[in-house]
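Hi there,

Here is the structure I promised to pass on to you. Have a look at it first, and then read on for my notes.

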Amino acid sequence: MAAKSSRQRQNPVKITVSEDGPYIVSGDIPLSEQIIVADDAGFSAEWRKGEDYSHEESYSLCRCGRSKAKPFCDGSHAN
Ligand code: FES
């Protein structure tokens, strides 16, 4: 997926760290999994691209580790 230019975006690219909550991402930023690949000695050697996540123009990313919908926040941090 090609990234949109700032003129094509409805909202500016922005990531807000909420207090005791998720990262709030806006600006239609692409989101994909990145996997660390180890060499034969077990050291990190390279990144491999994993799953692309479909998302809305704005979305929230879990940073508490309790979401059942990772990488997205499902509100579990508030419990
Ligand atoms: S930050 Fe909301 S569930 Fe983790």
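**Notes on the strands and a few residues**

S1 and S2 pair in the antiparallel sense, with four bridges between them. A word on terms before going on: strands (E, at least two residues) and helices (H or I, at least four) are DSSP runs numbered from the N terminus, and two strands pair if DSSP finds at least two bridges between them.

This is a predicted model, in which local features need pLDDT of at least 70 and side-chain atom pairs count only at pLDDT 80 or more, while totals for chains, interfaces and linings use all residues. Residues are numbered from 1 along each chain as its sequence is written.

**The overall picture**

The protein has five strands and zero helices, so reading from the N terminus gives β-β-β-β-β. Of its 79 residues, 6% are buried. For that word I use a count of other C-beta atoms, placed from the backbone, within 10 Å of a residue's own: 20 or more is buried, 12 or fewer is exposed, and anything in between is partly exposed. Among contacts with a separation of 6 or more, 32% link residues 24 or more positions apart; a contact here means that the C-beta atoms of two residues, placed from the backbone, lie within 7 Å.

**The sheet**

Three strands make up an open sheet, ordered S1-S2-S5, with antiparallel pairing. Its edge strands are S1 (14-17) and S5 (58-61), each of which pairs on one side only. On average, neighbouring strands of this sheet are turned by 20° against each other, direction ignored; the axes are lines fitted to C-alpha atoms, and angles run from 0 to 180 degrees between N-to-C directions.

**Two aspartates with positive phi**

Which loop holds Asp-20? Asp-20 sits in the loop between S1 and S2. The hairpin of these two strands has five residues between them, and Asp-20 has a phi near 55°, a positive value in a residue other than glycine. Asp-20 counts as exposed because it has 8 C-beta neighbours inside 10 Å.

Asp-28 also has a positive phi, about 55°, although it is not a glycine. Asp-28 lies in the loop between S2 and strand S3 (31-38). With 17 C-beta neighbours inside 10 Å, Asp-28 is classed as partly exposed.

**Arg-48**

Strand S4 (residues 44-53) contains Arg-48. Is Arg-48 buried or exposed? Arg-48 is exposed, because 10 other C-beta atoms lie within 10 Å. Beyond its neighbours within four places in sequence, Arg-48 is in contact with Ile-35 and Val-37. Gln-34 is 14 residues away along the chain, and its C-alpha atom is separated from that of Arg-48 by 5.8 Å.

Pro-71 lies in the segment after S5.
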